[in-house]
Amino acid sequence: MQSAGLWRRFVCMGYEGFLLLGPTLVLGFLYAVIVGQDQGHPGHEEAKRTGLQILMLSTYLAYFVWGWAKGRVTLPMQTLGLRLVDAQSGGPVSTRQALVRGLVGLVSVFSGLWLVVGLLRPDRQTLHDWAAGTRLVYQPRSR
């Protein structure tokens, strides 16, 4: 199996971000309406902001853990021919591995460490893949 290149990973992240834009806006709107996060309901702004951040991050984490575990792939991964596998066996990743990859991925993607580590490692695996014991591979779809 061929490792996924950094460019393909970057395109997949952009595609994932584009697809998550709609649910993010809807979820943010519903949260704002439910907790009264507007000018008419002052008070506890910091708690409301923190609550929204926790809600969004946990929603993203749940989406990715579900999309990676047990051999599943997200739509962008399927479109680009990417698959997440266990680094040792080459089989599907467990829910625990997907959770570790997601948690470390939050930090490494938002800080840019994924790119630095990916460029420095000869196998082009990123920090979150190394930490979770996973490998992102490219498998072109047959036509």
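Helices (H or I, at least four residues) and strands (E, at least two) are taken here as DSSP runs, numbered from the N terminus. On that basis, the protein chain in this predicted model has six helices and three strands. Their order along the sequence is β-α-α-α-β-α-α-α-β. The C-alpha trace of the protein chain spans about 55 × 35 × 25 Å along its principal axes.

**Largest pocket**

- The volume of the largest pocket is about 620 Å³.
- The pocket is lined by 24 residues, of which Met 13, Glu 16, Phe 64, Trp 68 and Val 109 are the closest to its centre.
- Three helices, α1 (6-35), α2 (45-68) and α4 (95-111), each contribute at least two residues to the lining of the largest pocket.
- α1 gives the largest share of this lining, with seven residues.
- Sorted by class, the lining of the largest pocket holds 14 nonpolar, seven polar and three charged residues.

**Packing of α1 and α2**

- The axes of α1 and α2 come within 11 Å and cross at roughly 140 degrees.
- The crossing of α1 with α2 is right-handed.
- On the α1 side, the contact is made by Glu 16, Leu 20, Thr 24, Leu 27, Gly 28, Tyr 31 and Val 35.
- On the α2 side, the residues in this contact are Ala 47, Lys 48, Gly 51, Leu 52, Leu 55, Met 56, Thr 59, Tyr 60, Tyr 63 and Phe 64.
- The contact of α1 with α2 comprises eleven nonpolar, four polar and two charged residues.
- Glu 16 of α1 and Phe 64 of α2 take part in this contact, and both are among the residues closest to the centre of the largest pocket.

**Packing of α2 and α4**

- The axes of α2 and α4 come within 9 Å, with a crossing angle of roughly 130 degrees.
- α2 and α4 are therefore oblique to each other, since angles over 145 degrees count as roughly antiparallel and 65 to 115 as roughly perpendicular, with those between falling under oblique.
- α2 and α4 form a right-handed crossing.
- From α2, Leu 57, Leu 61, Val 65 and Trp 68 take part in the contact.
- Their partners in α4 are Thr 95, Ala 98, Leu 99, Arg 101, Gly 102, Leu 103, Leu 106 and Phe 110.
- The contact of α2 with α4 has nine nonpolar, two polar and one charged residues.
- Trp 68 belongs to the α2 side of this contact and is also one of the residues closest to the centre of the largest pocket.

Note on methods: Residues are numbered from 1 along each chain as its sequence is written. This is a predicted model: local features need pLDDT of at least 70, side-chain atom pairs count only at pLDDT 80 or more; totals for chains, interfaces and linings use all residues. Side-chain values use heavy atoms; hydrogens and water are left out. On a 1 Å grid over the protein atoms alone, a cavity is a set of points where a 1.4 Å probe fits but cannot get out, and a pocket is an open set with protein on both sides within 12 Å along at least five of seven lines; lining residues have an atom within 4 Å of a point. Grid points are joined across faces, edges and corners, and a volume is the space filled by probe spheres set on the points. Ala, Val, Leu, Ile, Met, Phe, Trp, Tyr, Cys and Pro count as nonpolar, Asp, Glu, Lys and Arg as charged, and the others, Gly among them, as polar. Axes are lines fitted to C-alpha atoms, for helices over the stretch in contact, and angles run from 0 to 180 degrees between N-to-C directions. Angles under 35 degrees count as roughly parallel, over 145 as roughly antiparallel, 65 to 115 as roughly perpendicular and the rest as oblique. A crossing is left-handed if the near helix is turned anticlockwise from the far one by less than a right angle, and right-handed if clockwise. Contact means heavy atoms within 4.5 Å.
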